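Take a look at the model below. Some questions and answers follow.

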Amino acid sequence: MAHVPNPRPTGDFRATYAADRTLFRTRNETMAVLAGVVLVALCPLVFGGYVLSQLILIGIYGIAALGLNVLTGMTGQISLGHGAFFGFGAFASAWISGNGIPVLIAIPLAGLMTMAVGMIFGIPAARLKGLYLAIATLASQYILQDFFARADWFTGGTYGSLAETASVFGFQLNNDARYLYLVLFWVVVAFVAVANLARTRDGRALVAVRDHYLSAEIMGINLTRYRILSFGISSFFAGIGGALYGHYLGFVSAEGFTIILSIEFLAMIIIGGLGSVSGSLLGAAFILLLPQAMEVFANGVATVVPAIAQGTAYIKQMSVGAAIILFLVLEPEGLVHRWRMTRASWKLFPFSH
Amino acid sequence: MATLHRLTLTAALAATTIIAGAPALAQDDSVLVGHLADYTGATSFVGKQYGPGVADAFKEINADGGIDGTMVELDTVDYAYKVPEAIAQFKKWVGNDMVALQGWGTADTEALISFVARAEIPTISGSYSAHLTDPQGKNANTKAPAPFNFFYGPSYSDACRALVQWAAEDAKEKGTENPTFVHTGDNHPYPNAPKEACASYAEELGFTVAQPVVVPLAPGDFKAQCLTIKDSGAQYVYMGNLGGSVVSLIKSCNTVGVEATYMGNPWAGDYQTVEAAEAQNLIFPSSTPFYGADVPGMGLVKKILENGGGQVGDRPTHHYLRGICSAYYMKEAMQWAKANGGITGKNIRDGMYQKTDWVPEGLEGVCSPSTWTPEDHRGLLRVTINSGSFTDGKAVIKEIAEIDVPRREEWLGQ
């Protein structure tokens, strides 16, 4: 029996169709999510540039990580080329908007273009599994990276390309406070879409492919179709994330989308929780904020022990690595699991098991 | 009555203090200058020399009273030669009212051209890409005008033209007929910058120009590339990379048996590279004398090094001196700006245009006379050419030529 990440807990029965259709498990959960969205929307009134830029990046990486979670968490396929798809979305959107199409339309178009590219590179998945697929997707990473450096007409080659500023009817989204709303919009769209996907016929088919591909095939699920579809959906969100990233920075450079980024995306979903929708966002936040938290930690240590002041950079890098290893050893099911355990202990207090 | 009198007196005193204090406060102010440095990335071999040059120079400038009383708050950030990091950092600085930027690499400086123009942030970069020299887009071939970009030294293209000019004479002396020239370097904005410009001048001078060879910027085993160079029959190999990559290339090519003269770009040659590569007759351009040379400005350089952060040891390469020049040109432009309406980006830019054959005060003999005009940002066209050889365990560097590259109209920005 294959390991099933984050299954529905025992005793969680749905007695009515209405109960089965709700997007969130409880009323309180629905309220909490809505409150979270409203809180983020209010952030520009309270916080300055730094916090806003972190929120924007968490949103952008969260969308892309969500895409990878559809592929890896839901369908059980591995991809080491997600960073390149993210980059493709960034270049595609810069290219489309550079040809006179408004940025707001260019972003979903870039998502669709990336989806097409992702489905082409997903074709090997029809025949390959596990480590073999990992290497095949690694090739897509390098092919795309080389394409970025050479396709002058599309990416500006090694010089990179300028991405237009997004605007709504002449209103420029040219600062962090304004851009946050665009990212928030896409975060809501992406996460609601994937949460719903999990409950559709196609979504269940993807999960069946992950859990036992042979059984799935015997039940009449077309493995090739669903594996490639999964690559398509995953790349679509990578493309949307990349497009948002490109327009946020204002400039897209081939250097930004290396294998390191692909591995970071994998780290995000593993730490956040494989197969979990909200875990993607938690994982993105963790991977983005950990180095900064470690910087504060390292500087703090340096003030107490001045002798190591020269080595804070090393301490920071090593603590990031150590934190990730500890996390994987102590919490292999991800942040989402930790959150569920915490919640369960509140609910069952004082009789927690 | 006495109380009232005292009150008036206090008020008057307070008013005087406020009025007198206002200029005093202005004296204490400071301006933010961003400083992108590469201490850990692909170009850190020379970034660790140039970056401290800039940082130590501003430390000295502040110790000597700043910009006529205004302190320069230099924020040095190691961006590891990554363009997205540089852009994110630039945006952060603009949010904090930066007035000028000390930049570094070609990829990031060229990526930032339109950003610095929009935000009016004059930039002195460590990139000498000729694409930064056409401020108004007068040359029809210029892709994007760069009105706020400056650098101290000959552009990569002009330095390469000077090398080619030297090579043409060298070939004539040696009796080589129809010599072959080849460009090597990574497929990256920095090595690519002079590729076409230099090849077309080489052709003009009668060279056969072989297909460029891509050599990664990261050090490695380059025997495959060296075999290609050998097959091309090139006598003059231009190296667009620097540091470890240059060392690897020379060593790999010696193994393969390439017999050619290696010519480096402005970052490819220094005593450390010559020693590491055990190179013979490595040709490279320079725009300052080497550390310790007998020139009037060396006193200030030594002082800057002594009071500096100590990152370069006691024998810096000439890249450190170029960093100092970059900082002092900016300092004098800021002084002019302060006297002419305040230290703002636009005024500092205009300050760069005020002098001809400009040498910063105190650095006579170190920084070569440079002239920037609103139409032409090719500040320096004189290229000193050196030859470095590894003899008896150390590098011996000789100046072999001084070439004035012509200021051709069609070369502006190319």
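**Strands, helices and contacts**

Q: In strand 10 of chain B, which residue is the bridge partner of B:Tyr238?
A: This is a predicted model, where local features need pLDDT of at least 70, side-chain atom pairs count only at pLDDT 80 or more, and totals for chains, interfaces and linings use all residues. Residues are numbered from 1 along each chain as its sequence is written, with chains lettered from A and ligands numbered from 1 in the order in which they are written. Strands (E, at least two residues) and helices (H or I, at least four) are DSSP runs numbered from the N terminus. In strand 10 of chain B, B:Tyr238 has as its bridge partner B:Met263.

Q: How many bridges join strand 9 of chain B to strand 10 of chain B?
A: Two strands pair if DSSP finds at least two bridges between them. Strands 9 and 10 of chain B run parallel, and the bridges that join them number four.

Q: Which residues point one way from strand 10 of chain B, and which the other way?
A: In a regular strand, side chains alternate between the two faces of the sheet. Strand 10 of chain B covers residues 261–264, and all four named here are buried (20 or more other C-beta atoms within 10 Å of the residue's own; exposed means 12 or fewer, partly exposed in between; C-beta atoms are placed from the backbone). One way point B:Thr261 and B:Met263; the other way, B:Tyr262 and B:Gly264.

Q: Which residue of strand 7 of chain B is the bridge partner of B:Phe181?
A: Strand 6 of chain B also runs parallel to strand 7 (residues 208–209) of chain B, joined by two bridges. The partner of B:Phe181 there is B:Val209.

Q: Which residue of strand 8 of chain B stands opposite B:Gly185?
A: Strand 8 of chain B spans residues 213–214, and two bridges join strand 6 of chain B to it in parallel. Opposite B:Gly185 stands B:Val214.

Q: Which are the edge strands of the open sheet of five strands in chain B?
A: The sheet has the order 2-1-3-4-5, with parallel pairing. Each edge strand pairs on one side only: these are strand 2 (71–78) and strand 5 (149–150) of chain B.

Q: Which residue in strand 5 of chain B stands opposite B:Thr123?
A: Strand 4 of chain B, residues 123–124, pairs with strand 5 of chain B in the parallel sense over two bridges. Opposite B:Thr123 is B:Asn149.

Q: How many residues of helix 13 of chain B are buried?
A: Helix 13 of chain B has 22 residues (318–339), which should span 32 Å at 1.5 Å a residue; its end C-alpha atoms are 32 Å apart, which agrees. The expected span is 1.5 Å times one less than the number of residues. B:Gly341 follows this helix, with a positive phi near 110°. Helix 13 is mostly covered, and its buried residues number 18.

Q: Where in helix 2 of chain A is the kink of about 25°?
A: Helix 2 of chain A (residues 27–46) should span 28 Å, and its end C-alpha atoms are 28 Å apart, which agrees. The number of its 20 residues buried is zero, so it lies largely in the open. The bend at a residue is the angle between axes fitted to the seven residues ending there and the seven starting there. The kink comes shortly before the proline A:Pro44, at A:Val40.

Q: Is A:Gly239 buried or exposed?
A: A:Gly239 is found in helix 11 (residues 223–249) of chain A. It has 34 other C-beta atoms within 10 Å, so A:Gly239 is buried.

Q: Which element gives the largest share of the side of chain B that touches chain A?
A: Residues are in contact if their C-beta atoms, placed from the backbone, lie within 7 Å. By that rule, 15 residues of chain B are in contact with 12 residues of chain A. Helices 3, 4, 5 and 7 of chain B each give two or more residues to this side of chain B. The largest share, five residues, comes from helix 3 of chain B.

Terms used
Two residues are in contact if their C-beta atoms, placed from the backbone, lie within 7 Å.
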